[in-house]
Amino acid sequence: MRLAPSVGLAGFAGPSGRVSQKIHRPLAWVGIVLLSLPIPGRAQERPDPVRADPLGVERPPSDTLELDLDTLPGRTAADSVSADTIFFNLPHLGGETPAGWRSGAWAWDHDDIMASGAVTVAELVAEVPGVVTLLGGDYGTPAALSAFGSGGGGVRILRDGFEVLPLEGGVADLQRIGLGGIQHVRLERNAGEMVVHLRSFEFEDGRPYSMVEAGTGDFDTNIFRGTFADPVALGGSVALAIERVDTQGPRGQEPGSRNGTWLRYQFHRGDDTGLALDFRRMGSETELEDFVQSATRTDWVVRGRHRLTEGLVAELYTGNSTHAVEDVREEYATEGGSRSQTGLRMSFDRGGVWARGAVRAFGGGLPANRKDAAMGFSAGAFGGVAARAQHASWGGTFTTGLGVQAWTEPFFGLSLFGSWESGTFGARGGPPYDVVPPPDTTGAEPDTVPPDTGPGDDLGRRFGLTERRAHRVGAQYAWRGAVVSGALLRVTADSLLPLGLETDRGQPVLPGQVRSGWEVWGSVPVPIMEGLRLQGSLQRWDGGAPYLPEQIYKGGFQYHKVLKESGTAELWWALGVRGRGPMAIHSSPSELVDPETGGTYMGYPTVPFFQSWYARIQIRIVSMRIFIGWENFTRRDSLQDFPDRVLPITRSFYGIRWTLWN
C-alpha cells in the first residue's frame, strides 16, 4: 500500500483568525451520525459515457483519452501500485436535464475547460448563444453576464450546491468567482434567471494529481493557476488550488489583478458517506477611480453527504460568505459584511426519472430563504420532460417561479423542443454594510420596500422585484454529422432591474418591455479536413432593451484531432468572432442626438457595435499543453460594454498547461 505523504493542516479560520464556532453545533452532530453509519466502502470506477461538446455536439467516447501511462517511454509497471486504484469522492447529487441546444443548457468538463483557455467564468461561457458578457474593463474590474435582457436577479451561481450569494449588488461579481479547482461548469440559460453550476475537483484515480497553468501576454499580463490533490492524506483526501492574473492594462495605465485560493479536506466512509470542509477566497484589485481599489470575497462551507439508497443522496451543509473592502475613500467606509447560509439538498436519479430539491436559509440580509425543486423524466426514444419551481422570501414579500420544458428524440433526424417559464425574481441594489449608514434625509421615496432591520442586515440598500415570462419553441435537424436548429422567442418583463454592480449602481428600476425574436444555431463538418467544423449562432429581436442588443452573433471554425494512434498528441485550433449590435445600458432615459437628422429624442444611452475576432491554438504532448491565443486581432478600438469603459484593443497570450501524477 502507498503511504500517505506527511501533510499538516492547521484548520479553517474566519476573517478574524478564529475557527468559526458555527461549524461545531449543526454540522458536528450531522458528521457524527453520518460517519457512524455502517456503510461498506467501494472504490469508484470512472465512467466513459458519450460526451457532449459544450456548445451542443455529441462527442463519442473515443475523444476521451484514456492513456496507459505504463506503456509510455520511461515508465515501468513498477511505477503503479495497488493503492493507485483506491480513491473516494462524496456521493454525487444527480438530477438534471441533458445538456444541449434543445434543453438550453451547456456544460464543460475538465477537458473542455482546459481546451477553452478561459481564465474566468465569463470567458468560459462567452460563446454560448445569446449570452452577453458585461465587463467594466480589464482584469480586476466588475464582470457579469446577461441573457434575454436580464439585469439584477438574472443570474444565480451555485458551487457544489452552496449558493454564491451576490455580495456586491443584484448579481455576483464574476471577477471574484474563480475557476481554480473547478472541474465541471454547467450553464442553464433560462429566460427568467440563468443558473451557473460549478463543481469542484473529483478524483478519477488513486494517484496524487497536480496541474500547473502558466502564461503571459500583452500589457504585462501574467496568468497562473495551480491545483494539487491527494486522495489519501490525513485520513481522508485533500485538494488545494491557487490562481492569479495580473495586468498593467491598456497603455499600462489600468493595472489590475485577481488572486484566489481554494482549500478542501474530505473524510470518507467509502463512496456512500463523506464530510467535507471547503474554503475559498478570491480578491480583485484595480487602480481605476471608478471602482473599488481592493475587494475580497471569502466563502467557507462544511457539508455532510450520504447515499441513502441507490440513486437517492442527501446533503446537509452550513457556510458563510464575507465581503471585505480596502479603500480609503468615503463612499466605501461602511461597505462590507457577511451572509450565513444553511441548507438541505436531496436528489433522486434512477431509471430515467430524476428529482432534486433544496431548502436554503440565509442570515444577514435578503433573501431570507429560498426553496428549489425540479423533476424530470426521460422517455428513451420518445424524448423527455422536466419541470422546476422555486419560492423565496424577501422581507415579507414572497417570490415564486415555475418552468417546464419538453423535447423529442430525433425522428428521421428531426426533433422538437419547447419551454415555458414564469416567475418573480428579486435583487438587492448594492453591497452589505459593516456599519449601518445614517438614514437618507433627502426626502426621496424608495423605489421598493427596504430590507429588514435585523442584526447584520444591509439596512438602507433597496431591493427590487421583477416579474418575467418567456417561451421558446423550436426544432432541430441532424444529418450526416451536421446539426441545425432554430427557435422562436418571446420575453415579457414588468420591470428591469440594474445589475447593482459599480457599473450601474444607483440606477433606478426601469419600465418593463416585451420582446419577440428568434435564434438559430448550427454545427457543420467541413469536408476538406477531418476534425474541422463550422459552428455558429445568431439571435435577433424586434427591438433593443438594456443589456439586450437587437442582434447577437457568434461563430467560427473549430478543429480538434488526436494526431497519433497512441493518443500522446492532440491538436485544437479555433478561428472565430463574437459580435452584437449597439446595446442600451441600464440608465435613466436622457436626451440623445439622432446622428442622421441632428434632432434630439429621449432614449437610453447606448454603447456601440461590438465585434471581436479571436484565434486560439493548443497542442497536447502526453500531459503537457502548449497554447497561444489572440483576442480582437483586427484591432477594433471601440469595444465596450459600458460608456467610457473601453476594453483592451487587442491581446496575445501564450503559455503551458501541464498535468502531473505521482
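In the hairpin of E19 and E20, five residues lie between the strands, and Gly 380 among the hairpin residues adopts a positive phi near 65°. Strands here are DSSP runs of E, at least two residues long, numbered from the N terminus, and two strands are taken to pair if DSSP finds at least two bridges between them. The structure is a predicted model, in which local features need pLDDT of at least 70, side-chain atom pairs count only at pLDDT 80 or more, and totals for chains, interfaces and linings use all residues. Residues are numbered from 1 along each chain as its sequence is written, and side-chain values use heavy atoms, with hydrogens and water left out.

E19 pairs with strand E20 (residues 384-394) in the antiparallel sense, over 10 bridges. Within this pairing, Met 375 faces Ala 387 in E20. Strand E19 (residues 369-378) is also antiparallel to strand E18 (residues 353-363), to which nine bridges join it. Here Met 375 in E19 stands opposite Ala 355.

An open sheet of five strands, with mixed pairing, has the order E3-E8-E9-E6-E7. Its edge strands, E3 (105-108) and E7 (162-163), each pair on one side only. Four bridges connect E3 to strand E8 (residues 182-188) in the antiparallel sense. Trp 108 has Val 185 in E8 as its bridge partner.

The charged end of Arg 472 is 4.9 Å from the ring centre of Trp 101, while Arg 189 lies over the face of Trp 101 at 5.9 Å from the centre.

The whole structure contains 12 aromatic pairs. One of them, between Phe 201 and Phe 203, is edge-to-face, at 5.3 Å centre to centre and 85° between the planes. Rings of Phe, Tyr and Trp (its six-membered ring) pair if their centres lie within 6.5 Å; planes under 30 degrees apart count as stacked, over 60 as edge-to-face and the rest as tilted. Phe 201 counts as buried because its relative accessibility is 9%, and Phe 203 because its value is 4% (buried, under 20% relative accessible area; exposed, over 50%; partly exposed, in between; 1.4 Å probe, protein chains only). Phe 201 and Phe 203 belong to one aromatic cluster with Tyr 209 and Trp 661.

Note on methods
Lys NZ or Arg CZ within 6 Å of the ring centre and 35° of its normal.
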